[in-house]
Amino acid sequence: MLKFTDEHEWLKIEGDVATVGITAHAAEQLGDLVFVELPEAGTALDKGATAATVESVKAASDVYCPLDGEIVESNQAIVDDPALVNSDPQGAGWFFKLKLSDPSAVNALLDEAAYKELIA
Amino acid sequence: MNEHSPLKQTPLHALHVSHGARMVPFAGYDMPVQYPAGVMKEHLHTRSAAGLFDVSHMGQVILRPKSGRIEDAALALEKLVPVDVLGLAEGRQRYGLFTDGNGNILDDLMIANRGDHLFLVVNASCKEADFAHMQKHLGETCELTLLDDRALIALQGPRAECVLAELWADIATMRFMDVAEAALHDVPCIISRSGYTGEDGFEISIPAASAEDVTCRILEHPDVMPIGLGARDSLRLEAGLCLYGNDIDTTTTPVEAGLEWAMQKARRAGGSREGGFPGADVILRQFADGAGRRRVGLKPEGKAPVRGGAPLFADAEGKVPVGAVTSGGFGPSADHPVAMGYVDKAHTANGTQLFAEVRGKYLAVTVSALPFVTPTYKR
């Protein structure tokens with residue numbers, strides 16, 4: 001199941017774990033990324049807390065935790081090569097995997113059609 | 001400037017939009033921050049071929065001596081800048097600074113001797129204030145005109161000369177900081193061999209009515225790519241050049257900013273026209289004794305960019321503050337983060353390790369010589 005937030009993140013839900021990244025729209029808006037900082041596995045985060053930081057040539061931006069949960073894995077590949085987020089934002093450019101405190105909370109997120117409408 | 005007033009457009013606005021630029025408000029103008037290629041490619045293209053910038057938002061001012069003698073305009077302007085304007089030969093340009101009574105910097109500018117008048121280029125955000133300042137102090141001796149009917153473009157990079165040579169063969173005879181008048185596609189332009197990237201390049205003042213036509217034709221050259229404000233900032237930062245409002249402003253003096261080179265001998269202590277500009281007492285004293293702090297280059301040791309505003313410390317725990325970053329980002333040509341800022345004089349030696357506070361962490365940065373890239377000016 002694929003869900004979206006109005007903060008331009010996508011979540012691929014598998015059981016109680018969500019793989020989280022930023023949308024192609026967000027990646028395009030940010031421009032060429034040169035630095036990514038990710039949360040460590042084991043970090044518990046509330047919805048809305050700063051989970052990651054991305055920096056383009058020009059500016060730094062925060063990536064927020066989309067739901068309450070605990071980080072179970074971060075994608076070292078985008079730390080090593082931030083350009084991966086620009087080239088494949090909704091695939092190899094994923095950010096982290098989040099074990100959801102309340103898996104039913106995903107129902108409140110946007111589906112793909114609603115997200116597309118948001119950025120239209 | 002009123003944030004709510006409608007944004008102004010340069011004569012090249014439609015051209016930017018047609019090239020797919022992302023437009024942002026900058027100094028009261030709707031300006032291109034980047035084109036579809038993106039900041040990284042635009043930056044690297046400028047250093048490897050040629051980048052075209054619209055800088056029409058900047059103020060172009062003519063200072064014409066009422067007496068008809070250029071020396072009178074030069075001496076009048078010298079009352080406002082710590083620069084040797086009188087010694088500036090016809091067809092030459094130099095960098096200058098407007099200072100205030102405290103020795104701080106009101107704006108930085110380019111000054112060209114155009115034979116019967118001086119031609120100035122000032123920052124967009126300061127142009128009205130600069131013009132009023134000059135009108136007040138120079139109005140008796142000079143006739144001032146803030147040109148609103150000319151565009152200004154910059155063509156920067158190693159291919160800039162070749163591109164323009166196809167339009168005007170004599171361009172190759174110009175040296176760094178020369179200023180000449182020439183027709184490009186039959187349009188009379190004022191061309192200077194200068195810029196804001198650390199590359200060889202040119203700035204071209206074009207009558208507004210012909211600006212889009214001339215610019216389009218230059219953009220048709222396969223070596224030329226349009227460049228937005230994003231890459232303009234990363235290029236000038238790598239080149240160690242100050243951005244007014246970030247690295248220099250009304251809280252910094254020319255000596256603190258490390259801009260002593262912009263004050264020629266004639267205006268320094270013992271010079272033939274020593275002092276005589278606003279804040280001369282402060283600036284000449286700092287010139288002799290040094291200032292308490294100084295602008296330095298900073299190389300972050302990690303991959304994280306360190307941005308303007310980040311506090312600097314002598315220690316990794318953030319206990320001993322020594323200054324702050326004024327500009328910082330990623331340097332695409334340097335291939336690492338680059339920054340500059342002000343630090344207390346005890347910590348200004350190249351190689352000094354300092355720590356910048358970024359998101360609650362203290363990141364190692366090393367005081368480094370500016371620029372981060374070797375300029376390729378044709379001197």
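Okay, let's start with a pair of helices: α2(B) and α7(B) are oblique to each other, and oblique here is what's left once angles under 35 degrees are called roughly parallel, over 145 roughly antiparallel and 65 to 115 roughly perpendicular. Before I go on, this is a predicted model, where local features need pLDDT of at least 70 and side-chain atom pairs count only at pLDDT 80 or more, while totals for chains, interfaces and linings use all residues. Residues are numbered from 1 along each chain as its sequence is written, with chains lettered from A and ligands numbered from 1 in the order in which they are written.

Back to the helices. α2(B) and α7(B) pack at about 55 degrees, with axes 8 Å apart; axes are lines fitted to C-alpha atoms, for helices over the stretch in contact, and angles run from 0 to 180 degrees between N-to-C directions. Their crossing is right-handed, meaning the near helix is turned clockwise from the far one by less than a right angle.

Who makes the contact? From α2(B) we have V39(B), E42(B), H43(B) and T46(B), and from α7(B), G230(B), A231(B), S234(B) and L235(B). Contact means C-beta atoms, placed from the backbone, within 7 Å. That set has three nonpolar, four polar and one charged residues. Ala, Val, Leu, Ile, Met, Phe, Trp, Tyr, Cys and Pro count as nonpolar, Asp, Glu, Lys and Arg as charged, and the others, Gly among them, as polar.

Now zoom out. Chain B is divided into domain 1 (1-291) and domain 2 (292-379), with bounds from an automatic or database domain assignment. Their centres, over C-alpha atoms, are 26 Å apart. Domain 1 of chain B puts 24 residues into the contact, and domain 2 of chain B puts in 27. On the domain 1 side, α2 (39-48) and α7 (229-238) of chain B each give two or more residues, and α2(B) has the largest share, with four.

As a whole, chain B has eight helices and 19 strands; those are DSSP runs numbered from the N terminus, H or I of at least four residues for helices and E of at least two for strands. The C-alpha atoms of chain B fill a box of roughly 60 × 50 × 45 Å along the principal axes.

Last, the partner. Eleven residues of chain A contact 15 residues of chain B. β4 (33-37) and β6 (50-56) of chain A each supply at least two residues of that chain A side, which divides into four nonpolar, three polar and four charged.

Terms used:
Contact = placed C-beta atoms within 7 Å.
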